[in-house]
Amino acid sequence: MSSSPSGVEDDIALAPPEPDLTPEAMVARARDMRGLLRERQAETEAAGNISEDTVDLLVSSGFYRVLQPRTFGGYGFDLPTYVRLATEVARGCPETAWVLSLVLGHVHQLATFPIEAQRDAYARDGEFRAPEVAAPQGRGVVVPGGYRVTGAWDYASGSAHATHILLAFIVPEGAPGGGGLRMGLFDRDDYTIEHNWDVIGMQGTGSNRVVLDDVFVPEHRTKPFPVLSPVIDHEVYDDSPVFFGPSRPFVVMESAAVIVGAAEGALDLYEETFRARKTGPSGAPRDELAEYQLNFGRCRALVDTARAALLQTATDYMSVAETTRRTGIPCPDDDARRMTLVVLQSIHLAHDAVDIIFRTVGSSASKRDSMLGRYWRNVGVLRGHLAHQSDSAALNYGRTHFGHPAVGIS
C-alpha cells in the first residue's frame, strides 16, 4: 500500500459525493429546507431529538461535510459558508441546527488528533458525525497500547445519530507515561445513552448522557487536551486553511450561528403576525401601527447587525488561518480573543431581538404550542450556555491585553 508524505494512504483518498457542488448551492439547499424544518419543530421538541428522516436529509444534502477536507471526502468550504449554512438551518429549526452545527464543527477538533486517528474516523466513506464533551467526566486507566475508559458524560448533543464521539477523560497522576487530561475518539458502539435531557428549551437536541464502561481506546486515538500547539498536517489540510485557525473563536461561532439564525426565524414569524393580525378597538392591521413598525425596525437592525458581525468575523478568521497555514505562526492570542468577543456580541444582539419580539407580539406567543414561543425558549436556553458568558471573556481580554494572566474561565 503506497503512502503520501503525510502518511495518508493513497488508496483511501476520498472524493466528496458531489465533487462539483458549490457553496452557494449548498446554502440554497438549506434555504429550501426551511419550511420543512419549521413543520417538524413540534415533533422534534416532543420527541426530544431530531428524527431519522431529518438526519438522513442533512446527510444526503452534504451538510456534515461542509468543512471536512476533500482528502477525506468533504467539500472543504470556508467558514463563512459554514456560518451561512448553520444560520439558514436554524432559521427553520434551532434544535436541528444545534446538532448539525456542533457535530459537523468537530472536524476542527479531529484535525488535531494523530493522522492515524483521522484515517480511522473517516474510514472509507468519509462519514464522520461526532458529538463532543470537553468536560472530563470519565477516568482512563493506562493499559498496553492505550487506555481503558469509564465514565458518564452529560450534554452529548446529537449522540443518537453519531458515527463517533469525542470525550475528555482524566488519567490519574503517577500513571505510566504521566497523568493529566486527554481526549479520546470513540466509536458509536462504544457508548450507551441515558435519556436525562429534560429542559424548557432546545429539548429536541437529544443532549443526553453517554456512558462508557471500561472501553479500550488505542493510544493513537487520544491526545492531550487541550492541545496548546496543534500540528496540522499540511499534506491533508493545505487547501483547507480553516483548520489552521484558533480554537476559541471557532468553538463559539459554532453555537453563535445557531442563535443568530434562530433570531432570524423568530423575526420571520414576527413579520407574519403583522400581516395576519389586527390590534386594538379600531382593528387596525399591525403593520399600520407605529409601535409595531418601530419594534420591527429595531429587531431587523439587531438581527442584521448580528449576522453581519458573525460573517465578518468568519471572514477575518479565514484571513488569520491562512496566515498561519502559510507561515506556521499561530494567531496571536489577542486577535483570537477579539474575534471571540465580536462573536459573543452577535449573540447579545440576537438575544435582544428575540426578547423584544416575544414581549411585544402578544400573549399568544406564551401558548405551549406556539412556534414563536419555542424560538424564544430556545434562544433563552442557548443564551445561558457557559460558552456564551461574555463578561468573563471581556474581562480576560482586558487582562491579557495588558499583560495579566487570564482568570477563571479564560
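Guide: Welcome! Helices here are DSSP runs of H or I with at least four residues, strands are runs of E with at least two, and both are numbered from the N terminus. This is a predicted model, in which local features need pLDDT of at least 70 and side-chain atom pairs count only at pLDDT 80 or more, while totals for chains, interfaces and linings use all residues. Residues are numbered from 1 along each chain as its sequence is written, and side-chain values use heavy atoms, with hydrogens and water left out.

Visitor: Where is N49, and why is N49 called buried?

Guide: N49 sits in the loop between helix 3 (41–47) and helix 4 (52–60). Its relative accessibility is 14%. Buried means under 20% relative accessible area, exposed over 50% and partly exposed in between, with a 1.4 Å probe and protein chains only, so N49 counts as buried.

Visitor: What makes the pair N49 and H161 a polar contact?

Guide: Their side chains are joined at 3.4 Å. A polar contact is a pair of N or O atoms within 3.5 Å; within protein, one must be able to donate a hydrogen and the other to accept it, and residues adjacent in sequence count only if both atoms are side-chain atoms. The N49–H161 pair therefore qualifies.

Visitor: Which residues does N49 touch?

Guide: Contact means heavy atoms within 4.5 Å. Beyond residues up to four places away in sequence, N49 touches T44, A160, H161, Q203, G204, T205 and G206.

Visitor: How do you know whether S240 is buried or exposed?

Guide: S240 has 2% relative accessibility, so S240 counts as buried. This residue lies in the loop between helix 9 (234–237) and helix 10. Leaving aside neighbours within four places in sequence, S240 is in contact with P69 and G76.

Visitor: What makes a space a cavity, and how many of 30 Å³ or more are there?

Guide: On a 1 Å grid over the protein atoms alone, a cavity is a set of points where a 1.4 Å probe fits but cannot get out; lining residues have an atom within 4 Å of a point. Grid points are joined across faces, edges and corners, and a volume is the space filled by probe spheres set on the points. The structure holds one cavity of 30 Å³ or more. The largest cavity is lined by Y64, V99, V103, R129, G158, H161 and A162. H161 is also the polar partner of N49.

Methods
1 Å grid on protein atoms, 1.4 Å probe; cavity = no way out; pocket = protein on both sides within 12 Å on 5 of 7 lines; lining within 4 Å.
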